[in-house]
Amino acid sequence: MADRKNTRKNSRSKSKAGSREAQVRRNIILGLVGVLAALTACIACVGYVLLNRRAPLGISDAVEAYRPKVEQYAKEEGVPEYVDYLLAIMEVETGGAGKDVMQSSESLGLPRNTLDTDESIQQGCRYLAENLARAEKLGCDTLSAVQAYNFGIDYLDFVAERGGVQSIEVAEEFAKNKSGGEKTRYVNSVSLDYNGGYRYKFGNMFYAELVRRLVENM
């Protein structure tokens, strides 16, 4: 009788020990899974940053190849001194790729990528010239006109009411109002330094700063 009790006791002890060992193994496995998940997230984040850095240090060869054409239309539109700004705008917009290299179709109320390359450059020069003229009339600086290329010419009235000087803070306020405060991930060296890597979902509040840095490096 005592032997049967001891046998049952030993069996329960072994069962409990086995259960504890199984739990330890599960905890170890779960820990490893957590570590792997964290590493995967880190790798994905790094990959995202590397793939989405849109803060070029200089004008690409693809954009530089359009300089003669930009000079031609900038002169026609009366803004020959802004060729470097126009090339920087093209760099930020498309990097010289595609047909509508200055993404200027929408400034005419047309669907994106409607214009061919020559038309895109001509309209891009004309649109910046319009923004510059409006900025001068309202007492706004050049970078306000550049940011208006992205936000729309009405942005200049907004800047004028706030002293006429472009800044990321002013652009952020405008974009926040227009987007209803909705944010989206946006990663490059400028956005990372400013707020960790996001923008509001209306235009690009870092646009003028990206252009400014490119112009400075020309």
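A: Start with contact, which means heavy atoms within 4.5 Å. In this predicted model, local features need pLDDT of at least 70 and side-chain atom pairs count only at pLDDT 80 or more, while totals for chains, interfaces and linings use all residues. Residues are numbered from 1 along each chain as its sequence is written, and side-chain values use heavy atoms, with hydrogens and water left out.

Q: Which residues does Ile121 touch?

A: Leaving aside residues up to four places away in sequence, Ile121 touches Tyr66, Lys69, Val70, Tyr73, Met90, Val101 and Met102.

Q: How many helices and strands does the protein chain have?

A: Helices (H or I, at least four residues) and strands (E, at least two) are DSSP runs, numbered from the N terminus. The protein chain has 10 helices and two strands. Their order from the N terminus is α-α-α-α-α-α-α-α-β-α-β-α.

Q: How do I check the span of a helix such as H5?

A: The expected span is 1.5 Å times one less than the number of residues. Helix H5 covers residues 117-138, 22 residues in total, and reaches 31 Å from its first C-alpha to its last, close to the expected 32 Å. At its start, a side-chain oxygen of Asp116 comes to within 3.3 Å of the backbone nitrogen of Asp118. Just after H5, Gly139 has a positive phi of about 80°.

Q: Which residues of H5 are buried?

A: Buried means under 20% relative accessible area, exposed over 50%, and partly exposed in between (1.4 Å probe, protein chains only). The buried residues of H5 include Ile121, Gly124, Cys125, Leu128 and Leu132. An α-helix has 3.6 residues a turn, so residues three or four places apart point the same way. The buried residues of H5 pack against helices H3 (67-76), H4 (83-93), H6 (142-151) and H7 (155-160).

Q: Which residues touch the most other members of the largest nonpolar core?

A: A nonpolar core is a set of buried Ala, Val, Leu, Ile, Met, Phe, Trp, Tyr and Cys residues joined through side-chain atoms within 4.5 Å. In soluble globular proteins, nonpolar side chains tend to be buried together. Here the largest core has 51 residues, of which Val70, Met102, Ile121, Tyr155 and Val211 touch the most other members. Among the elements that give two or more residues to this core are H5, helix H8 (168-179) and helix H10 (207-216).

Q: What is the nearest side chain of opposite charge to Asp100?

A: Lys and Arg count as positive and Asp and Glu as negative; His and the chain ends are not counted. A salt bridge is a side-chain nitrogen of Lys or Arg within 4 Å of a carboxyl oxygen of Asp or Glu. Asp100 is in the loop between H4 and H5. Asp100 is buried and has no salt bridge, the nearest side chain of opposite charge being Arg112, 7.1 Å away. The side chain of Asp100 does reach the backbone nitrogen of Asn113, at 3.4 Å.

Q: How many salt bridges are there in the whole structure?

A: There are 12 salt bridges. In one of them, Arg126 pairs with Glu77, with the closest N and O atoms 3.2 Å apart. Arg126 lies in helix H5 and Glu77 in the loop between H3 and H4, so the pair ties together parts that are 49 residues apart in sequence. Arg126 is partly exposed, at 31% relative accessible area, and Glu77 is partly exposed at 22%.

Definitions and conventions
A polar contact is a pair of N or O atoms within 3.5 Å; within protein, one must be able to donate a hydrogen and the other to accept it, and residues adjacent in sequence count only if both atoms are side-chain atoms.
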